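Thanks for making time this morning.

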Amino acid sequence: MKIKRLSPHVADLIAAGEVVERPGSVVKELIENSIDAAATAITVEIKNGGLTYIRVTDNGAGMSAEDAGMAFLRHATSKLRDARDLEAIGTLGFRGEALAAISAVSRIDLLTSEKGEKEGRGVSLDGGTIVENAPAGCPEGTTIIVRDLFFNTPARLKFMKTDKAEGAGVTAALLKCALSHPEVSFRYIKDGKEEYHTPGDGNAESCIYTLLGRDFAKSLLQVKGADENVTVTGFVTMPSAGRGNRGGQYFFVDGRPVKSKTLQAALEQAYKNSLFQGRFPGCVLYLDIKPGAVDVNVHPAKTEVKFLNEKGVFNGVYYSALSALRQSSEMPEIALPTDRVILSSPGKPDNSGERPGRAAGRPPVSREPSGITFPELSSALPVRDETRIPYRTKPAAPPEKPQRSEKEQTLQKEAAEFRVVGEALSTYIIVERGDSLIFIDKHAAHERIIFDKLRAEGYEAMPQLLLTPLTFELGPAYTELLMENADLLGELGFEIDRFGGGTVALRQVPGGIEVEEMDVFLSEICENLTLGKRPGLSDTRDKILHTIACKAAIKAGKASPAPEMELLIKRVLSGEVKYCPHGRPVSMELSKRSMDKNFKRV
Ligand code: ADP
Ligand code: MG
């Protein structure tokens, strides 16, 4: 056998594969170059998922005629002079490989002009070979058009997914770039259609609004935190906006989009007990880390980062997210539809006795779906029947007695801040405060209060010995898993035995979980174990506490005694209780303004 050196051409193709995996990575590299060139406006256009056409135009510094020809050589970079520079990762990638790699596997047109120059430069390449290099008229900045990606590497081309999937990859890559640079205006054109155009005014919020949409932007809480290691700014979503996956989590370290298990875990830890299991918070978080404390240049195309101080970064994100959640005074507003609603006159009922709005010749009542539905106005239903209101506090009337003790006065003042209108549908307490009506889900609120109390008091497993062991057919895999973790489960109050084959027997269980629920509980533990998550003591404890709290909380449907209710209302109104332990909101606000609008009073 003879050792042969790969031809430079083949070597380039191999290297290209490392940097340029798909259209999305091409777009990312080109945008990073534009940002390095101090562009403030970048247009990205793609066709066929970027496979046939990618154009990136910027208004950055541009290149001189000489540089334009050099830019595509391997290890050609204006950003790195010697090995020492490698340590400073102020700018984005700078390995001098991207343009060389992209040009090796595509057909490229470059048009560039330096600021203040009369003439620009046009360079065209085919599979890495320059086929044209001539003066060209063009505006200041740089345009790079990449055509027929991977035309000369059929193996890689075969590896490409559908245009649609590759296009989605470009969209995702671009989204991250755009989110990390609110100060740059991004315009994205896909198959001839403009997808978005960010303002580029440096305001992260307006950028997020444009890129991630109104609903996402509306669900955000501002985050601001700093310690000696890391500064964390940006936004996290309100717990009520939990999503089914982690798709709404965007992290940026020193301006670069990154993936990191540490950051993800820190964020999610902050939402413990305010989100359903299996729901995930969203975020757009920008971290600024002390120089030298992060290793991001692991691989040119990889975004996974390593932190030298994992714990410090974890704490930074965890505490700043937590404090954002605590400070939020979120009470979701009930959005009444503002247009396309034809409210029928609630005046005299028709002589036919039919319900208003349903009588012949009238337009039907049309409703947009909204947070709540009002009962239809019906002549059969008394609009105001004081006797039906099950519970009232003192109305905010002027004091009757002239003399009052100070204590009485503060109580009165507190009570005057709100008025309980009543309880409706045996589920909701309706409170009037200021210019709003507040609807409280009494079960959810109560559950939260009990949960917090139990947690504050500390919970002991208080195992219950079972008279007859409970057996569960879990199959061999789950059984094995549980047996391997028998010690841990023991600490939680479980005593578990193998009962032959794929069956386990529980002889003792933690107090507070109903026997009927043990089934679900056990399979959840198994699922977590399969996912490699050991049921942490505190997680499992919290879970048990949820169950207890849910059991102990006043059930919707049950009438509730007044003093308990009053306390509950105060705690909700003070903002102390916002979500049930599963992340459902406990209250909603309906403003008078919104009602007035709908009744066409304003
Ligand atoms: P790197 O970015 O690591 O330096 P690239 O291959 O991505 O390597 O780019 C090579 C060089 O080409 C850059 O260092 C820069 O000087 C120049 N360049 C690339 N894109 C642009 C651009 N959009 N505007 C100005 N100069 C650019
Ligand atoms: Mg580059």
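When I say contact, I mean heavy atoms within 4.5 Å, and helices (H or I, at least four residues) and strands (E, at least two) are DSSP runs, numbered from the N terminus. This is a predicted model, in which local features need pLDDT of at least 70, side-chain atom pairs count only at pLDDT 80 or more, and totals for chains, interfaces and linings use all residues. Residues are numbered from 1 along each chain as its sequence is written, and side-chain values use heavy atoms, with hydrogens and water left out.

Helix 10, residues 310-327, lies across strand 9, strand 10 (230-237) and strand 13, and runs at about 45 degrees to strand 10; axes here are lines fitted to C-alpha atoms, for helices over the stretch in contact, and angles run from 0 to 180 degrees between N-to-C directions.

Those strands belong to an open, mixed sheet of five, in the order 9-10-13-11-12, where pairing requires that DSSP finds at least two bridges between two strands. Strand 11, residues 249-253, pairs with strand 12 in the antiparallel sense over three bridges, and Phe-251 has Val-258 in strand 12 as its bridge partner.

Helix 6 lies across strand 11, strand 12 and strand 13 (283-289), at about 55 degrees to strand 11. Helix 6 (residues 163-180) also packs with helix 7 (residues 204-212), at an angle of about 165 degrees and with axes 9 Å apart.

Key: Chains are lettered from A and ligands numbered from 1 in the order in which they are written.
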